[in-house]
Every structure is written in structure tokens, then in C-alpha cells.
Amino acid sequence: MKNIVYRSTRGAEREVPASVAILKGLADDGGLFVPQQLPVLDKSLEQLAIMNYQETAYEVMKLFFSDFTEEELKYCISHAYDSKFDTEAIAPLVKVDGAWHLELFHGATIAFKDMALSILPYLMTTAAKKNHVENEIVILTATSGDTGKAALAGFADVEHTRIIVFYPKDGVSPIQKKQMVTQKGANTLVVGVDGNFDDCQTGVKKIFGDKELGKSIAEKGFQFSSANSINIGRLVPQVVYYVYAYGQMLKNGELAPGERINVVVPTGNFGNILAAFYAKGIGLPIGRLICASNENKVLYDFLNTGAYDRNREFILTSSPSMDILISSNLERLIFQIAGEDADQTRELMEALSTDGRYEITASMKEKLSCFYGDFASEQETKTSIHGLYEKTGYVMDTHTAVARQVYEKYKEQTKDQTKTVIASTASPYKFTRSVMTAIDPAFDKKDDFALVDELNKLSKVRIPEAIEEIRTAPELHKKTCAVDQMEQVVKDFLR
Ligand SMILES: *Cc1c(COP(=O)(O)O)cnc(C)c1O
């Protein structure tokens, strides 16, 4: 099998084995690790169609993580994708009103980040062993809501690791917040930051970039790593479910062999849709990659004009996990469409950090033709939830609703009839208030857990364990801090 190694999008590092890229998260030069060459699926689509989720995961991960042994990968996969998921399918595909909803929310925290974050701790501790790392690994994470809890659930009480999560104090849903602040595990720390998600992310990046701090914690036996979606150990597990979804459609006779599908992804940090792009790159027949934004439509503007501009109002929406103005993973795509030119990538990213904007060349923009961007307003998102529920009884969360709405717009505008998979990224139980008031504004008078019971009555979908367990759980994490105190908080925790 081909040995796949990684390089930084900013040029300073090359020939890095997958396990090292996973341990580091971010490259030393501030760039992101990308495969020096994309692998190609070595099983036919028909062979993949009869595999279960775990088998599919192995087929995909062995291509990208070529320095892991078969035994190591199978160990990681079997421990990640087990009864933590409430369905054996792991990622079930449900046909609703002419589109296929790929339900990525059946894991421990009922959002799609579980798909990658339930395996990342295993990949990381295995990578540490392979590379004879003695230090304790400190996971440092900024979250817009879902990553935080999924990372906490993955890393809590994992030996030789600690995890620190920063979230925007007033920028996550009440249920997201409750999920995080009730987290058990002596190795966990959860902190509310007086700022928005971008402030949290910038703060974390700054801590990562602080060489002094890195040295001083190394003396105490620690090293930082990232569980954010920039880690290649998160990206690759997300490639799996697109391959799996295609296989399911093929198996069920819903596709002719080789027939192309489109994929719609509700997008924030650009990780999930980039995984779909990689799935296309390794040989999955995907036509269009439809990038759905909420009112923070920086990606819609970018795909349409070629100018990425974060200088705009940050809008708090009902799909908070997509309230992002700096989509970190886009750097990987920029690198690719720049013909793997690290200097050009670095210049653009520097422009983004100094001026808040950059513009790609016409020839780069041409290479984006398989992407299509659109957005859904808050009102459209509500109407989408309401409309699909009235028509079919299926209840979507707000993020999925953004995708569904963009899908409907896409069909209307292009008349494209290609069969389409909608990445359904969260359970409606995670955003109960927004979902229920979209169905009927009168629900707004009820408290959050009453709404959970109402949703159960109306959708007839069982209340997930993740919700049941926080009803009564005590709040264990009460710390908050200002943006400029984040580094001190980290130092205190590692004292
Ligand atoms: C994180 C998240 C997204 C955005 O995914 P990206 O990979 O950051 O683009 C969409 N929906 C939900 C529910 C999420 O948690």
C-alpha cells in the first residue's frame, strides 16, 4: 500500500507521517497538514456497499493513516464506533421527501462531531505510543458548542491526556452549555470566555503559537495538541461516512453503479465539507458539493466572488455551530487550488489575519467549480423546519434545516435532479427551543426540558441518553474568563 505522508500548507514541514500530524494538530509554521498525495480507494464501490460502518472506516483510514498497523486501526475503530452510538448503523441514511438525510447525530453528544471525536483519542494515544511520547497530552479546544462536548466525552478520563475547552459564554445553546459544564472527569476543564467563537479560536491559536509557553509546559511533562477540526485525525474519520452513505444507497438499489450523487453540508469551519471533497478525491462519485451557510454567509460570498472577507457583523443565529467568520479548514482547499503553492497560501492567510480579507485569482476560482454556495436566513431556516415537519412528520435540527433549505434553493435554481445526501449534523433534541418554536411559536413559553418532552410526543423519536443524563446532572464547571486571560487559565490548570 502507498505510504501517505503529510506536509504543511505553509511550506515549512514535509514528509510528516500521519501519526505525527495527528499528535501535532497544527504544523509548526501555523499551517495545516495535508496529504502530499491523495490516496485512491482500493476497493470497488460494490465491495464497499456490503461493508458495515466499521469495515468502511478501516478501508478509508488505512489509506490516509498508512503508518498505523491494521491491528492499531482496528483497535481504534472498534473502540470508537461501539455502543456509544444508539444504532448499529452508526450513521443511518433516511430518505425524507426526495433527499437522503445522513444522520450523523447518533453518538454520545448527539451531533456530528462525535463521528470524529469518538475516535480521535484512540488515534492520538496510539500515535503517542508509536512515537514514544512521554509527555501528557493537553488537548486545547475552542468550541462553538458541539466540538467542546464531543471532545470532552472522547477524552474524559483517558490516561495521559488532559482537556481544556473554551466556549463563548453567551454564544452556545442552553443545552450545549449544560452538556459541557456538567462534564465529569478529573482531567477536564471547561471555561466560558467573554467573547464570541472567533475570539476563542484566536486565543487558542495564540497559545499554540507561544513557543515560550510550549517550552515551559514541556518542562512540567506536558505538550499541547488540538482536537479542533484542523486536526487531520478529525478530518479523515469524516471521509468515512460519505463513502458509507454511497454504499448504502448502492446496496438499497437507489443508485446505478457509478451514478453520481450531490452532497449538501451545513458549513462552519469547513471541515465536514472538506471531508466530502476528499471523499470525491479518493474516487467516490460525487458531483456537486453544496456548501450551506447561515446568515454568517462569508463562504457563500467567497464561492460567488472569490473574495474572502471576514470584516462584517458577527450574527448570533439559531444554528450556533455555524456562527463562524473564519473557516479554518478552507486553508487546505486554498492550498490545493493554488496548485500546492505554500508561499501563496501563506500570503493569503497572512492577509486574512492582518486585513481580515483576501482574494483568490481567477484561475484558482475556476478550480472551485464543483462547489456551490448558498445560505438560509433565520426565517427560511424556521420555515424549512416547519414545512418538512408538516409535510412528512420528520423533525430536523436548525443546522440540518439550513442545509435542507439551501438544497431546495439549489434545485430551484439549477433544475439539477441528481440524488442528494444532506449531512444532518445534529439531533433536534440538541436545539429544542429553536426547533419547537419553528414548529409552533407558542412552545416558547415552556422550559427547556418540558420542550424535550413535547418534542418526544410530536416526533415519536426516543429521547437520547445524552439529554436524559443532563436533566439532573450538577454543574461542575463554573469558571469564566476574559479573552486576554485564556493563557493564564491554561497555566493555572497545568501547575
Ligand atoms: C460543527 C458543526 C457544523 C459545521 O461543521 P464544520 O465542519 O465546522 O463546517 C454544522 N452543524 C453542526 C451541528 C455542528 O456541530
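Strand 4 (residues 93–96) and strand 5 are paired in the antiparallel sense, over 4 bridges. The model is a predicted one.

- On another pairing, strand 5 runs in the parallel sense with strand 15 (residues 420–424), over 4 bridges.
- H101 also takes part here, standing opposite I422 in strand 15.
- Strand 5 (residues 99–103) is mostly covered, with 5 of its 5 residues buried.
- The cover extends to both faces of strand 5: A99, H101 and E103 are buried on one side, and W100 and L102 are buried on the other.

- An open sheet is formed by 5 strands in the order 9-6-7-8-16, with parallel pairing.
- The edges are held by strand 9 (222–226) and strand 16 (480–482); each has a single partner strand, so one side of each is left without a neighbour in the sheet.
- On average, neighbouring strands of this sheet are turned by 30° against each other, direction ignored.
- Strand 16 pairs with strand 8 (residues 188–194) in the parallel sense over 3 bridges.
- Within that pairing, T480 of strand 16 is the bridge partner of G192.

**Cysteines**

- A disulfide is a covalent bond between the sulfur atoms of two cysteines.
- The structure holds 0 disulfides.
- C291 is in no disulfide, and the nearest cysteine sulfur, that of C370, is 11 Å away.
- C291 is buried, with a relative accessible area of 1%.
- C76 is likewise buried, its relative accessible area being 0%.

**Cavities**

- There are 4 cavities of 30 Å³ or more in the structure.
- The largest cavity contains about 270 Å³ of space.
- Its lining consists of 26 residues, and those nearest the centre of the largest cavity are F112, K113, G268, N269 and S321.
- Two or more residues of this lining come from each of helix 7 (146–155), helix 11 (232–251), strand 10 (261–266) and helix 12 (271–281).
- Helix 12 provides the largest share of the lining of the largest cavity, namely 3 residues.
- Sorted by class, the lining of the largest cavity comprises 9 nonpolar, 14 polar and 3 charged residues.
- The second largest cavity holds about 80 Å³ of space.
- Among the residues that line the second largest cavity are L26, K205, F208 and N269.
- Helix 9 (residues 197–209) contributes the largest share of the lining of the second largest cavity, 4 residues.
- The lining of the second largest cavity is made up of 5 nonpolar, 5 polar and 1 charged residues.

- Helix 9 gives the most to the lining of the largest pocket, with 6 residues.
- The lining of the largest pocket divides into 18 nonpolar, 11 polar and 11 charged residues.
- The second largest pocket has about 420 Å³ of volume.
- Of the 23 residues lining the second largest pocket, A108, K149, E465, A466 and E469 are the closest to its centre.
- Helix 7 and helix 21 (465–468) are the elements that give two or more residues to the lining of the second largest pocket.
- By class, the residues lining the second largest pocket are 9 nonpolar, 6 polar and 8 charged.

Notes. Residues numbered from 1 in each chain as written. Predicted model: local features only at pLDDT ≥ 70, side-chain atom pairs only at ≥ 80, totals over all residues. Heavy atoms only, no water. 1 Å grid on protein atoms, 1.4 Å probe; cavity = no way out; pocket = protein on both sides within 12 Å on 5 of 7 lines; lining within 4 Å. Points joined across faces, edges and corners; volume = space filled by probe spheres on them. Nonpolar A, V, L, I, M, F, W, Y, C, P; charged D, E, K, R; others polar. Disulfide = S-S within 2.5 Å. Buried < 20%, exposed > 50% of the residue type's maximum accessible area, 1.4 Å probe, protein only. Pairing = 2+ DSSP bridges. Axes fitted to C-alpha atoms, helices over the stretch in contact; angles between N-to-C directions.
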